[in-house]
Amino acid sequence: MSRIEIVGLTQQFKDHRAVDNIDLTIEDGDFVVLLGPSGCGKTTLLRMIAGLLDPTSGQILIDGQDVTHLPAKKRNLAMVFQSYALYPHLSVEKNLAFPLNVLKVSKEEKRERVLGAARALGLESLLHRKPRELSGGQRQRVAVGRALVREPSAYLMDEPLSNLDAKLRTNTRQELSELHDRLSATFVYVTHDQVEAMTMATKIVILNGGRIEQIGTPEQVYDAPASIFVAGFVGSPPMNLLEGSLSTRDGHVQATALGSTSRLWPGTCPEHKVTIGFRAEHLRLEEAETGAVRIDGVIHQIENLGGEQVAYIKVGDHTVVAKCGREVTLERGERFTAGVRAANVHLFDQATGRRME
Ligand code: ATP
């Protein structure tokens, strides 16, 4: 069991604040993904949790115990890195058993734990091989297995799949999710790959410039991004974001963007500069007349994704992205009129960058 509480955690590297006053509670059994662009502080945060880097200020508690300045080996956490760091001269079995050498574990128990980890990760038939005789994915599984045998209270992983090819990454992603379900252990996982975050996380923490932009389930982060940054970072293609303004007319809030004005919903609001967001899949042909936001442009590029197609629509100087099924006939150079229902329109305050409720 492992609950990790982070309070006001900061890491200052000379003139650069890599992690800035972060508060975060990771519940027992959570699969938390720290997600964000390169340099946002993910690894630095993970290394402080692991005990590999001393925080400048703040606190880390594991199951209520203050471990802020406790050395890594006393935290009972297992870390899996991007580089597998396997011992090249040892067999898979010996690599798996290695972390147990420093623990007081009987020979029988050692063998049992190694076989247990090998079974869990499908490595039984590879136990006698050396790392150089393994594929990248198999090596990665040995690295995870080495964490597994220690039966730590939490697993910390730093981009463990980034050296794998696309297919292996998909498989290993599923394996990690299953492993998490089976172990009911706490996972803290660093990545800049939003697909990994969306598919594995129970909770995503989106970081930007050393600060937390949003904490939420994958659905919350996708369906209700808390800021323009999150809206633009999560989702492929990213959310359409148009600069515009809000005003009131005839008892309705209306939005103006791309030179046209449309009614959003009943109510009033002060004049306001906003960013209007909507997802590519919410731009629908059948909403062309009735949508709260309406788009009238020319298709300038079409991408075929197999089951779906993505169209890039030129509206004046702007490009808006639409996603639709293959049954819709799209032609380059043709006119495209579509709309977005009010329920699928996201509004962000341009001054603060935050979502407006
Ligand atoms: P990536 O996805 O590229 O690994 P990240 O989000 O994990 O990025 P960090 O490695 O945590 O980012 O780095 C955060 C910031 O702190 C970066 O600007 C980085 O250059 C800086 N940084 C990291 N380690 C040090 C260090 N030891 N000394 C000075 N600056 C550092």
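Predicted model: local features only at pLDDT ≥ 70, side-chain atom pairs only at ≥ 80, totals over all residues.

Q: Which residues of H3 are buried?
A: Arg113, Val114, Ala117, Ala118 and Leu121 are buried in H3. Seen down the axis of H3, these buried residues fall within an arc of 130 degrees, so they line one face of the helix.

Q: And which are exposed on the other side of H3?
A: Glu108, Glu109 and Arg119 are exposed there.

Q: Where is Leu126 found?
A: Leu126 sits in the loop between H3 and helix H4 (136-148).

Q: Is Leu126 buried or exposed?
A: Leu126 is buried, as 20 other C-beta atoms lie within 10 Å. A residue counts as buried if 20 or more other C-beta atoms lie within 10 Å of its own.

Q: How many residues separate Leu126 and Gln138 in sequence, and what is the spacing in space?
A: They are 12 residues apart in sequence, and their C-alpha atoms are 8.8 Å apart in space.

Q: Let us turn to H5. What does helix H5 reach from its first C-alpha to its last?
A: Helix H5 (residues 166-183) has 18 residues and reaches 26 Å, close to the 26 Å expected at 1.5 Å a residue.

Q: Which residues of H5 are buried?
A: Arg169, Thr172, Leu176, Leu179 and His180 are the buried residues of H5. Viewed down the axis of H5, they fall within an arc of 95 degrees, so they line one face of the helix. On the other side of H5, Lys167, Gln174, Glu178, Asp181 and Arg182 are exposed.

Q: Now the strands. How many residues of strand S3 are buried?
A: For strand S3 (residues 31-35), 5 of the 5 residues are buried, so S3 is largely enclosed by the rest of the structure.

Q: Which way do the residues of S3 point?
A: Phe31, Val33 and Leu35 point one way from S3, whereas Val32 and Leu34 point the other way.

Q: What joins S3 to S8?
A: S3 and strand S8 (residues 186-191) run parallel and are joined by 5 bridges. Within this pair, Leu35 stands opposite Thr191 in S8.

Q: And how many bridges join S3 to S9?
A: There are 4 bridges between S3 and strand S9 (residues 203-208), and these strands also run parallel. Leu34 stands opposite Val205 in S9, and Val32 stands opposite Lys203 in S9.

Q: How many residues of S9 are buried?
A: In S9, 5 of the 6 residues are buried, so S9 is largely enclosed by the rest of the structure.

Q: In which sense do S9 and S10 pair?
A: S9 and strand S10 (residues 211-216) pair in the antiparallel sense over 5 bridges. The bridge partner of Ile206 in S10 is Gln214.

Q: What does Gly209 do in the hairpin of S9 and S10?
A: The hairpin has 2 residues between the strands, and Gly209 takes a positive phi near 55 degrees.

Q: A change of topic: what is the strand order in the open sheet of 4 strands?
A: The order is S17-S16-S15-S18, with antiparallel pairing. Strand S17 (318-325) and strand S18 (335-340) stand at the edges, each with a single partner strand, so one side of each is left without a neighbour in the sheet. Neighbouring strands of this sheet are turned by 45 degrees against each other on average, direction ignored.

Q: Over how many bridges do S16 and S17 pair?
A: Strand S16 (residues 308-315) and S17 pair in the antiparallel sense over 8 bridges. Ala311 stands opposite Ala322 in S17.

Q: Which residues surround the ligand?
A: The ligand is surrounded by Phe13, His16, Ala18, Gly36, Ser38, Gly39, Cys40, Gly41, Lys42, Thr43, Thr44 and His192. The residues of this shell divide into 3 nonpolar, 8 polar and 1 charged.

Q: Which element supplies the largest share of the shell around the ligand?
A: H1 does, with 3 residues. Strand S2 (16-26) and helix H1 (42-50) each supply at least two residues of the shell.

Q: Finally, how many helices and strands does the protein have?
A: The protein has 8 helices and 19 strands. Its C-alpha atoms fill a box of roughly 80 × 45 × 35 Å along the principal axes, and buried residues make up 37% of the 357 residues.

Notes: Residues numbered from 1 in each chain as written. Near = placed C-beta within 6 Å. Nonpolar A, V, L, I, M, F, W, Y, C, P; charged D, E, K, R; others polar. Pairing = 2+ DSSP bridges. Axes fitted to C-alpha atoms, helices over the stretch in contact; angles between N-to-C directions. Buried ≥ 20, exposed ≤ 12 C-beta atoms within 10 Å, placed from the backbone. Arc of directions from axis to C-beta. Expected span 1.5 Å × (residues − 1).
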